[in-house]
Structure formats: C-alpha cells, structure tokens
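This briefing is meant for a reader who is meeting the structure for the first time. It begins with the chain as a whole and then turns to particular helices, cores and residues.

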Amino acid sequence: MGLSIGIVGLPNVGKSTLFNALLKKQIADASNYHFCTIAPNKGVVEVPDERIRVLAKMSKSEKVVPAVVEFVDIAGLVKGASKGEGLGNQFLANIREVDAICHVVRFFKDAKIAHIYTDIEPANDAELINTELIMADLQTLEKKDAPKSKASKEDLILWEAIEILKEELYKGKLAINVDLNNEQLNIVKQLCLLTMKPIIYVANISEEQILNFDICHKDFPYEPVIPICAKMEEELSILNDEEQKEYLEQAGLSEPGLNRLIKLAYKTLGLISFLTTRKNETRAWTVLQGASAIEAAGIIHTDFSKNFIKAAVIEYDGFVELGGWTGAKNSGRIRFEGADYIVKEGDVIEFKVGC
C-alpha cells in the first residue's frame, strides 16, 4: 500500500545496524562515524505471519506471498537540526515523507562506539529529537497567517487547530498527543506535521541488558518502547531457522526482536491482513483497518471492485479447523458478505465477481 516507517535517531545509536538486520543483508553502511547515512536507504520487509504457511500447506499452494512494510533508514539528527544543523533540513524532509517513525534510542554502552554527546542518557536523547521535531513543526505553524474576514469554514477550523497546536507544542507536547476534535484532526493533515506521526521507540540494548530490560528502562518516559539488541539481531539474520532457534534459546528469548518490531510497525500504521488461499497462491493482503470488502477486493485488482458481487468470508481459525474451503462450505460456516462488510484481521476471503 506504499506506507512506510522511518528509522530515526541520533548518530551512532544503531539505526543502520537495525536496518541491515531487518533486510537480512548489508545495504546500509554501519560505519562508526557521524552521518555515515546520508541518502535514506529503503527496504521492503516481510511481516512475520505463520498463518500463510499453514494455509499454503493446506491448499498445496505453488506460491506464498506475505504482507510487507517499508522501512527507511534516515540520516542521524543532532541538536539544532530544526535550524539546519548537521543534515537537519534533509533529515526533516525525509521524515516528512514517511507515515510513522521508528525512533532508535541507545541504551547499550560501548567505549569503542562514539556517542555524539558522550554520556548514554536514553531519556535525554529521545527528548532531544522530539524537541527538534516539535521546533520544526512550530516553524510550520508560525508561518500560517490568521484567516481574513471572509474566510471559509475550513479556514476557520484550521486556524482554531493551529492556535491549539502552537500552545501545546510550546509546552513540549507532540502534536499527536494534542486533544483536537475530528474536524480539526482531519483538516490539520494538510500541514504534514512531523510530530503528528505515530512513533515506536526502539531501545537498542546490549546482550547483557536483554533479560533485565525492565530495570534498564524504568526511567524512560516514552511509549510504546520495544527492546532490541540490534547487533545480535544482525547476527541472527544471517542464520538459518534451526540456528536462529538455538541462538534464541541460549539467550532466553522466544522469537527475534525484529519480528515483534515488524508486527508492531504494521499495527502502528493502522494495517491489517486478510488472507486468500488457492492451489496457485496463498497471500496475505494489506488493507487499512476499517476497509470495506469492496475496497479489499480492489487491492487484489481494480476489476474486482468494479465487478464485485459478494465475498465468501470465514475466520482463519475456523478455516483451519474445518480443513479448508470444502470443509468450510460443507459446515455452513462461510458467510456471504456484501460490499460494505468491514474486513477483520485474519479473514480468509474469496471474492465473487462478475464479468
């Protein structure tokens, strides 16, 4: 669907190492010097979903296609970026293009890897970047003029929202946490504010910190935060499934941290998956939460939405329990839904279309 997550943070916090692990290959330059990432690296990552493997096995599918999400590795930001310091202008422009933010914060200590501000203080580092984003948004808001006497209703709503946002942002609040009504929220989208984007905080920890992260992050004030040892994840990414399992067991983990990050990123973007399965292909299709059946059909092919008749729907667990389409049909568990049906996460769907 073209939705993306931008990986941001101070220089040398592990953004490019995390990005490399996500893509399971060395695309980004993870060198130990400031601003080693200049042009943003982009990569499409599979969303971990065991359901499509199960369905593919049941249908004897020739092809399996998972849902995906795009990650963008963006240059490191420094204090003063909102005024053009470092690669500030380029950094902020790159963030403006993504739909959500993955904010990497350094928790690990390593004397061999320079920290731009010497001390490892995760809360302060996160606040620094948030402050720069807020300052950039305030610049955007301050450039807007008050509406004239013959202003439209939309202009008046926008100005009302701008005044509320300015007051709250000057207090240090992110735009996404400002209390606006639905009309105001819809109209401020045109401003493309950086702090209106959803944020996931990634605590880049050492292997020693994995099992006591609760202690490590007790003073970190931001949510949601997900602990990941980027260095370990990068090493994991080149191992086969059996080697990964053994490595994780030794570390006391049930799954790679990247799996949790990818799933959370997908959810943060407001995405869900519906599933289709046949002999030729089993696939997880991506739609925005709240999408209708006719919109979901159009994701597969525009002709499907034009010629939509109905959708045969069954939840994933029921489909597996009944052994596939034949068992589901014989049991009477399949529902036939119309164009306005709201697709649910994990729905197994077969669309009926006309010529």
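Helices here are DSSP runs of H or I with at least four residues, strands are runs of E with at least two, and both are numbered from the N terminus. Counted in this way, the chain of this predicted model holds 14 helices and 12 strands.

**The chain as a whole**

- Of the 355 residues in the chain, 50% are buried, and the chain exposes about 17,900 Å², with carbon and sulfur atoms supplying 50% of that area.

**Helices α1 and α10**

- Two packed helices are described by the angle between their axes together with the distance between those axes.
- For helix α1 (residues 15-23) and helix α10 (residues 257-268), the axes come within 11 Å and cross at roughly 90°.
- Because angles of 65 to 115 degrees count as roughly perpendicular, α1 and α10 are described as roughly perpendicular to each other.
- On the α1 side the contact is made by Leu-18, Ala-21 and Leu-22, and on the α10 side by Leu-258, Leu-261 and Ile-262; the residues of this contact divide into six nonpolar, no polar and no charged.

**Nonpolar cores**

- The largest nonpolar core has 90 residues, and those with the most contacts inside it are Leu-18, Leu-22, Phe-71, Leu-165 and Leu-261.
- Helix α4 (residues 122-142) provides the largest share of this core, with eight residues.
- A second, separate core has 15 residues, including Phe-274, Val-287, Val-313 and Phe-351.
- Leaving aside residues up to four places away in sequence, Phe-71 touches Ile-5, Ile-7, Phe-19, Leu-22, Asn-41, Lys-42, Gly-43, Val-45, Ile-262 and Ala-265.

- Glu-233 lies in helix α8 (residues 230-236), and Glu-233 is buried because its relative accessible area is 3%, where the cut-off for buried is under 20%.
- Not counting residues up to four places away in sequence, Glu-233 touches Ala-21, Ile-228, Pro-256, Gly-257 and Leu-258.
- Although Glu-233 and Asn-20 are 213 residues apart in sequence, they are 9.2 Å apart in space, C-alpha to C-alpha.
- Gly-318, which belongs to helix α13 (residues 316-321), has a relative accessibility of 1% and therefore counts as buried.
- Gly-318 and Val-348 are 30 residues apart in sequence, while their C-alpha to C-alpha separation in space is 9.4 Å.

**Backbone features in loops**

- Most residues other than glycine have a negative phi, and most peptide bonds are trans.
- At 62% relative accessibility, Lys-60 counts as exposed, since exposed means over 50%.
- The peptide bond from Glu-223 to Pro-224 is cis, with omega near -10°, and Pro-224 is found in the loop between α7 (213-216) and β7 (225-228).

Note on methods:
Residues numbered from 1 in each chain as written. Predicted model: local features only at pLDDT ≥ 70, side-chain atom pairs only at ≥ 80, totals over all residues. Heavy atoms only, no water. Buried < 20%, exposed > 50% of the residue type's maximum accessible area, 1.4 Å probe, protein only. Areas by Shrake-Rupley, 256 points an atom, 1.4 Å probe, with all protein chains shown as cover. Axes fitted to C-alpha atoms, helices over the stretch in contact; angles between N-to-C directions. Parallel < 35°, antiparallel > 145°, perpendicular 65-115°, else oblique. Contact = heavy atoms within 4.5 Å. Nonpolar A, V, L, I, M, F, W, Y, C, P; charged D, E, K, R; others polar. Core = buried A, V, L, I, M, F, W, Y, C linked by side-chain atoms within 4.5 Å.
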